[in-house]
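Okay, quick one from me today. I'd like to walk you through some salt bridges, so let me put the model up.

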Amino acid sequence: MLFHWSLNSYLEYGELPLYVNTVLPGEQPENQLHDHGESVELVLVAGGEAIHWETPYHARICKGDILLIHPEVIHGYQNSETLKLKNIAFRPRHLSLPLMDTSSMPFFRMLFSPGDRFAPEKQVEPLMHLNETDFSRINTIFDRLQQELDGIMPGRQFIALALFMELLTELARLFSPETDSAKPLWLIGDAMAYMQKNYAEAITMQQVAKASGISRRNLFRYFKNRLNCTPLEYLTRLRLQKVLELILQSDLSLGEIALRCGFCDSNYLSKQFSAEYGIPPGKFRKLQLKNRSDQF
């Protein structure tokens with residue numbers, strides 16, 4: 001089952017809408033999908049490595065990586081035995097930050113302007129990777145911030161807010177987005193919309209190209225250039241995303257889910273699911289149910 005994490009569960013009334021925690025190796029639940037509601041999560045990979053996935057995409061992460069998880073995004077970790085994370089959850093709309101001259105910095109726009117986000121297939125990837133010197137500096141600010149928020153000294157929220165602003169500014173100065181990542185999807189937007197509307201049907205790439213008003217050759221080229229995958233690979237990942245949603249939110253059999261998501265049968269679904277996520281869908285469902293029961 002999908003786990004909904006809530007920032008309110010960790011705050012007292014009137015406290016700063018900001019929470020920091022450290023996840024030690026072995027503590028991160030394997031394959032547990034969750035979201036953070038209205039909160040943004042900023043993650044420092046403080047040690048180890050794992051697979052980070054936001055359905056239907058995944059990417060390898062390691063020590064020094066910075067992740068940015070936007071509100072309502074469903075994500076999780078695989079192969080996380082050695083993973084150490086330092087997480088900050090906050091609500092941008094409820095933080096009274098004096099942004100001042102930061103509006104020109106892409107990192108701040110991504111945090112505080114919902115429209116300035118990478119495409120979904122890019123969001124799963126680390127936002128940046130810190131070298132040892134930068135990691136040491138950022139890690140220290142994380143630790144100081146957590147110590148203040150966990151402490152009882154007067155003025156702790158005031159200092160915590162100052163440290164949080166320092167952390168964001170340091171990361172903003174280190175962040176250099178690739179220009180290609182921010183390019184609009186207009187060349188393939190019609191094709192993506194057509195597949196999102198008709199993923200349950202037995203659609204062909206010729207139909208997708210026709211609906212997009214471009215040739216099959218250009219359709220393939222645009223997808224490879226923009227998303228680094230073929231149109232068919234994108235369609236398969238889209239269908240697998242719908243499969244994940246039904247596994248997490250319904251009691252339908254895998255056969256029924258396969259038909260609803262455009263797969264010919266449960267065997268083909270299982271093959272594609274295992275290839276994408278490294279675990280059969282039946283085993284994945286059992287694991288999610290176990291994770292859910294362990295929380296109660």
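So, start with R237, which forms a salt bridge with E276, the closest N and O atoms sitting 3.7 Å apart. By salt bridge I mean a side-chain nitrogen of Lys or Arg within 4 Å of a carboxyl oxygen of Asp or Glu. This pair links distant parts of the chain: R237 is in helix α8 (residues 231-249) and E276 is in helix α10 (residues 266-277), 39 residues apart. Helices here are DSSP runs of H or I, at least four residues, and strands are runs of E, at least two, numbered from the N terminus.

A word on the source: this is a predicted model, where local features need pLDDT of at least 70 and side-chain atom pairs count only at pLDDT 80 or more, while totals for chains, interfaces and linings use all residues. Residues are numbered from 1 along each chain as its sequence is written, and side-chain values use heavy atoms, with hydrogens and water left out.

Back to the pair: buried or partly exposed? E276 is buried at 16% relative accessibility, and R237 is partly exposed at 23%. Buried is under 20% relative accessible area, exposed is over 50%, and partly exposed is in between, with a 1.4 Å probe and protein chains only.

Next, salt bridges with shared partners join D134, R137 and E170 into one network. Within it, D134 and R137 have their closest N and O atoms 3.2 Å apart. They're three residues apart in helix α3 (residues 132-150), so about one helical turn separates them. D134 is buried at 14%; R137 is partly exposed at 31%.

And the whole structure? Six salt bridges turn up in the search.
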